[in-house]
Amino acid sequence: MNINDLFKIATKSKASDLHIIVGKPPIVRIDGELRNIPNTENVSRAEAEKLIFSIITEKQKAKFVEEKELDISYEITGYSRYRVNLHWEKDNVGMVARVISSTIPSMEDLGLPPVVHRLIEKQQGLILITGPTGCGKSTTLAALVERINKIRFANIITLEDPIEYIFKPEKSIIKQRQLGTDMTTFGNALKHVLRQDPNVIMVGEMRDLETIGATITLAETGHLVLATLHTHNAAQTIDRIIDVFPPHQQAQVRLQLSMSLSGVISQRLLPKAGGGRIAAREILINTPAVANIIRENKIPQIKTVIQTSADVGMFSMDQNINELLKNNLIEEPIAMAHLTSTQK
């Protein structure tokens, strides 16, 4: 069995991820659960190297051996794409590949509420998609970009590591740039992106101070910026952004963020009743009240504002989980395990 066979099995079984680990059979994650691929045996060190090294060039292999980590995209033409992480563990090579659907889901497919549709109709501002690893941030981001592509004449520039979904320009121009091949760093690309006449900029991940600072500045300068962050809720998102800066800059960053932020969409994937998974979300909209809370550094108050601002489209994670339970989309034990409050 070669690497493409394993990738195809992962795609056909509707897995989110494929794992290759020395000493274990190939493993897929389906509906959040890890499962061995049937009729496969434990992978030896030599087999793992043969499988993994078959998808990278000699140049990539040299980089991987030196840096011990490598992120790439891989495509089986006419079949599917994969976001691949190569790593070492106990001096053995390992691989985790995220299966990327060949079809970009619509915002309706993902169950995104009307307020998110209104957010992307704006000409400027910062929209953040947040959540833990594997919660569908990249898919949500792709759905937002695809909607803009269908409804607006815009120059959309994406900065990704690696490129995941491939967009086909419709009304918009779309330029997809990949770290390592099309740009050296996110920060460097963001410095020069203003000279590329953008309307919409998608930042795959705000991963450090330089990237976060440049992203906020771009949103301030009249561009619509979409980005992701590994945080669990809206309040934590605001704190994380501010805390990454040195203390003497934080007051200025709070002011910038209060003016440039449009909204935060925090999400996690829960087991769906009857099989599959469904997103539970928290939505924060930057109203004047929220902007004031950010400026005055009263972030704990954001939770209360979200809970009491349904009229402008906000809702908390708990409120959304309870709504999913009420509509029989998730089962009660799942809801109880993920609610932060015991009140229903």
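Pocket, salt bridges and strands in a predicted model

Me: In this predicted model, which residues lie nearest the centre of the second largest pocket?
Reply: The second largest pocket has a lining of 17 residues. Those nearest its centre are Lys63, Leu70, Asp71, Leu179 and Gly180.

Me: Which element gives the most to the lining of the second largest pocket?
Reply: Both α3 (58-67) and β4 (69-76) supply at least two residues of that lining. The largest contribution, five residues, is from β4.

Me: How many salt bridges does a search of the whole structure find?
Reply: Side chains of opposite charge can pair when their charged atoms come close. Here a salt bridge requires a side-chain nitrogen of Lys or Arg within 4 Å of a carboxyl oxygen of Asp or Glu. Among the bridges found is a network that links Arg45, Glu49 and Asp91. The search of the whole structure gives 13.

Me: Why are Glu146 and Lys150 separated by about one helical turn?
Reply: Glu146 and Lys150 form a salt bridge, with their closest N and O atoms 3.7 Å apart. Glu146 is buried at 12% relative accessible area, whereas Lys150 is partly exposed at 42%. The separation is about one helical turn because the two residues are four apart in helix α5 (residues 137-151).

Me: Where in the chain is Glu170, which forms a salt bridge with Lys150?
Reply: The side chains of Glu170 and Lys150 meet at 3.0 Å, N to O. The pair links distant parts of the chain, 20 residues apart, with Lys150 in helix α5. Glu170 is partly exposed, at 48% relative accessible area. Glu170 lies in the loop between β8 (155-160) and β9 (173-178).

Me: Is Glu205 buried or partly exposed?
Reply: Glu205 forms a salt bridge with Arg207, the closest N and O atoms being 3.6 Å apart. Arg207 has a relative accessible area of 37% and is partly exposed. Buried requires a value under 20%. At 23%, Glu205 is partly exposed.

Me: Which residues does Gln250 touch, not counting those up to four places away in sequence?
Reply: Gln250 lies in helix α9 (residues 247-260) and is buried at 17% relative accessibility. Its C-alpha is 9.7 Å from that of Asn297, 47 residues away in sequence. With residues up to four places away in sequence left out, Gln250 touches Ile242, Asp243 and Phe245.

Me: Which residue takes a positive phi in the hairpin of β12 and β13?
Reply: β12 pairs with strand β13 (residues 277-285) in the antiparallel sense over nine bridges. Five residues lie between the strands of the hairpin, and the residue with a positive phi near 90° is Gly274.

Conventions
Residues numbered from 1 in each chain as written. Predicted model: local features only at pLDDT ≥ 70, side-chain atom pairs only at ≥ 80, totals over all residues. Heavy atoms only, no water. Buried < 20%, exposed > 50% of the residue type's maximum accessible area, 1.4 Å probe, protein only. 1 Å grid on protein atoms, 1.4 Å probe; cavity = no way out; pocket = protein on both sides within 12 Å on 5 of 7 lines; lining within 4 Å. Contact = heavy atoms within 4.5 Å. Pairing = 2+ DSSP bridges.
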